[in-house]
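User: I would like a close look at a single part of this assembly, namely the place where two of its chains meet. Please set it out as one connected account, with the fold of a single chain as the starting point.

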Amino acid sequence: MNATSNAFPQGRWWVAGFAWELGEKPLARTFLDHAMVLFRTPDGAVSALEDRCCHKELPLSMGAVEPRGLRCGYHGLLFDHGGGCIEVPGLERIPGRARVRAYPLRERDQILWVWIGAQDASPRDEPPAYSFHSDPRYTFGGDAFHYDAPYQLIHDNVLDLSHLGYVHLKTIGGNPGVHTSAQLITTSTPNRVRVVRWMPNSAPPPTYTAAWPFRGAVDRWQEVDFSLSHCEIWTGAMDAGSGSLEDPQRGGFHMRGFHGVTPETAHTAHYFWTVATNPHPDKQDVTQLVVQQTALTFEEDKVVIEAQWRNQCRFPGRSQLYIPIDDGPTRARRMIDALLREDAAVTR
Amino acid sequence: MNATSNAFPQGRWWVAGFAWELGEKPLARTFLDHAMVLFRTPDGAVSALEDRCCHKELPLSMGAVEPRGLRCGYHGLLFDHGGGCIEVPGLERIPGRARVRAYPLRERDQILWVWIGAQDASPRDEPPAYSFHSDPRYTFGGDAFHYDAPYQLIHDNVLDLSHLGYVHLKTIGGNPGVHTSAQLITTSTPNRVRVVRWMPNSAPPPTYTAAWPFRGAVDRWQEVDFSLSHCEIWTGAMDAGSGSLEDPQRGGFHMRGFHGVTPETAHTAHYFWTVATNPHPDKQDVTQLVVQQTALTFEEDKVVIEAQWRNQCRFPGRSQLYIPIDDGPTRARRMIDALLREDAAVTR
Amino acid sequence: MNATSNAFPQGRWWVAGFAWELGEKPLARTFLDHAMVLFRTPDGAVSALEDRCCHKELPLSMGAVEPRGLRCGYHGLLFDHGGGCIEVPGLERIPGRARVRAYPLRERDQILWVWIGAQDASPRDEPPAYSFHSDPRYTFGGDAFHYDAPYQLIHDNVLDLSHLGYVHLKTIGGNPGVHTSAQLITTSTPNRVRVVRWMPNSAPPPTYTAAWPFRGAVDRWQEVDFSLSHCEIWTGAMDAGSGSLEDPQRGGFHMRGFHGVTPETAHTAHYFWTVATNPHPDKQDVTQLVVQQTALTFEEDKVVIEAQWRNQCRFPGRSQLYIPIDDGPTRARRMIDALLREDAAVTR
């Protein structure tokens, strides 16, 4: 294990990107301090290798994908999906130690998942499904963002709904007062944190009214399900009184957010997000609108979170004021602390 | 006190900017390693707070000014002029420790002054006046420069008049020989250093002739009054023989420079300057010309001083050759060393 | 000696640039961690001084060349070719310690050579000649590249001909198979490494056919002569069977490369290269073409080598796979290790 591995829970699946990101060229990405190259061979198979040729250390991500694997762009060594070197130009017999580390990589529901644990260990489970990427009622879009901030600051943000009224006034926020007066219910298990807020009979925010023909006030909901690797956020609204907020099959305008937050290093992170929505028959191109508005919203978050991190670095070692809206984020941090303690106990 | 506070004299007023810089938006600035946000409420009152929300540490300078104070742009906490939190959205009772540090800030003669000392101490005096910003005989302009160099290198520069002939040939310099042959008189008290040079019967430099209809040779003067927080530089010229250089009411072309040099960090500084001049009745727009020429001149200094600092970092620990023109700068450095020793004695 | 001097062999001539780079303005360059200013006075004499005025430490490279030497751009101190200060404006008597270090600098065959050793030592030999810059059969061009990578990674590259088929496919590479199947003969002495590869009856690469009217297959050669300060690479081709590859006077298309690789710091380097060619009478402007293609080729190398270095920094302390094509580079590294051991023995 490398020096900083204790900063991240080990032996787990993390989001590595989206299926559509792996085309003809290899893709360089670092997860949990492991610099990798992801690639897809013409037969569709995907792989993640250490992004370093074992010969002269050029990043393999500067190489070229071939039917049998990935060829280094300096001296032409060819590596297969398992990280073994299968060709050294000019050499008859390939040395046994000519290989690079391979990481388990899976593609499921258009999400790429990478497993990072001890070098000789293998995953005992498969990465989770995500049905809304293939649900016929929904259409979706998304993007891969990079953050100059630690991943847990993004957790804080997605588990905290009160910032919408100050950071996202122009998109999904709406009136700040609505957010802060609505009741917040936070629950948790050892592996999950759930934050729910219902805002009955409230004014729909700009993105909502642009996407759905509400008649007036709405019954609005925000339901956040957090796990280590990703967060599912179900938000939406229906005409006030047109259904029950407790009904999982309720109608109206839905936004189903997938938020895969994967640490890159101790101080930087990847944020892989999609938003799926149920287009209203009278509204054309609503998915594109919702995705664009969501992207704008997440760019607002990025500006705030990166500034927050720079400021935490300017004021090191200072304590923060705790207020009740911090309940969800605090539970998520405790959950991760417990996982890190478990890892430390195993390593000891 | 933070780790580097010993680098700067404590318990003193420093220039924080100019009155016209504080408009509707808060202004982020760091002085003596203290990161602050300056703001002006609609009633005109100005304040300086620590630029860090006590909740999640976002810079308050990313927030919004309201009639009662400054509201954080993440979760909406509102802080008053004294740094107390007067509103936490969603909370009835505000925790007593919800506050941020406030720094004494004054506005006087269009200059903003900030006092930086121990956290629980208060200033015993008021910042100095500067009459030339309201003297009807003068009009002025100026700017706020940022230096990637320690503040004392700027002191060296303003107290050293011999560089004019090499750095500022095109503006206020004139013939190098004039500067180096003229007598320099340096005097000092524990809190002041004064450098005076008279250049009787010399050729006026380009900026002078552009601003004033001299008949030919001039009697020229340069008088520098240095104190810790700022330097007042009175330069000018009158037609040769038309008056006495010893007469404080002498006529001719005057430039009254205000140079507020405030350390930002140990290695960076703010340079707040204005230049006031007495426009000749036959010359239109002379103030604008003088301010523009002065800005060009100070940009020349900035290029030199920042290059000097980068070079001092490339050649660490090397001694410098002392020559007589260094008398003024050396006295200023001794003055600051004495203040730092006083501070150290108090802290011990 | 400074802290990192042990990283580089001492008391030797290194390439400092080309004659045509020294015009009216001084040139700032660092070699082996020694920051220097190079300049040429109007009489044609060239010098290298420490790039730091002994007064206030401004880089002398910001100053102005005068007939008698180089004048500092801050306070006007004037230094002669030997580094002595010969004028301090305003001072009658120049202090004896007003001087800066001078480095032996020579101009030979349009190459500038600088000698770097102990401060009080002098070179016992003269820098080498390079005849192809004045050979009437050849015309040449070149450039000065800067590398964000240690100099020995560039040695690896010039001594390794097998990368041509992967990095330089579009220019001088040609078919990768040709390179890897051809026999490589590596020989060395204590001060030289020589790598020769002949590719008889092979297809000429794009640059070759653009520059020379070959009839078809060619007998091609690559001959690399490496010494510490520079590498001479003779490559070329003649119509297959039209002469002997063992004949030093053989005809056909010749490219004579000069590759001066000088460390700037432990992690950066200068790469001064020229390529001389013998233009075919039927091909106009072939030199310009060959120089442009060579520049493209070397830019491809630069991209690879800088990426390699960044990756080596990402994966510190990892061992590399050795394969037979590494023989030449390995001998060069051993040669330099031996020189460093000699230096250490002298210093001890």
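Analyst: The model is predicted. Along the principal axes, the C-alpha trace of chain A spans about 75 × 50 × 35 Å. Within this chain, 44% of the 348 residues count as buried. When contacts in chain A between residues at least 6 apart in sequence are considered, 56% of them join residues at least 24 apart.

The part requested is the contact between chain B and chain C. Chain B contributes 19 residues to this contact, and chain C contributes 20 residues. On the side of chain B that touches chain C, the elements giving two or more residues are helix 2 (164-167), helix 4 (176-181) and helix 6 (286-314). Helix 6 of chain B gives the most to that side, with 6 residues. Sorted by class, the side of chain B that touches chain C holds 10 nonpolar, 8 polar and 1 charged residues.

The arrangement of the two partners can also be described. In general, two copies of a chain are related by a rotation about an axis and a shift along it.

Notes: Residues are numbered from 1 along each chain as its sequence is written. Chains are lettered from A and ligands numbered from 1 in the order in which they are written. This is a predicted model: local features need pLDDT of at least 70, side-chain atom pairs count only at pLDDT 80 or more; totals for chains, interfaces and linings use all residues. Two residues are in contact if their C-beta atoms, placed from the backbone, lie within 7 Å. Helices (H or I, at least four residues) and strands (E, at least two) are DSSP runs, numbered from the N terminus. Ala, Val, Leu, Ile, Met, Phe, Trp, Tyr, Cys and Pro count as nonpolar, Asp, Glu, Lys and Arg as charged, and the others, Gly among them, as polar. A residue is buried if 20 or more other C-beta atoms lie within 10 Å of its own, exposed if 12 or fewer, and partly exposed in between; C-beta atoms are placed from the backbone.
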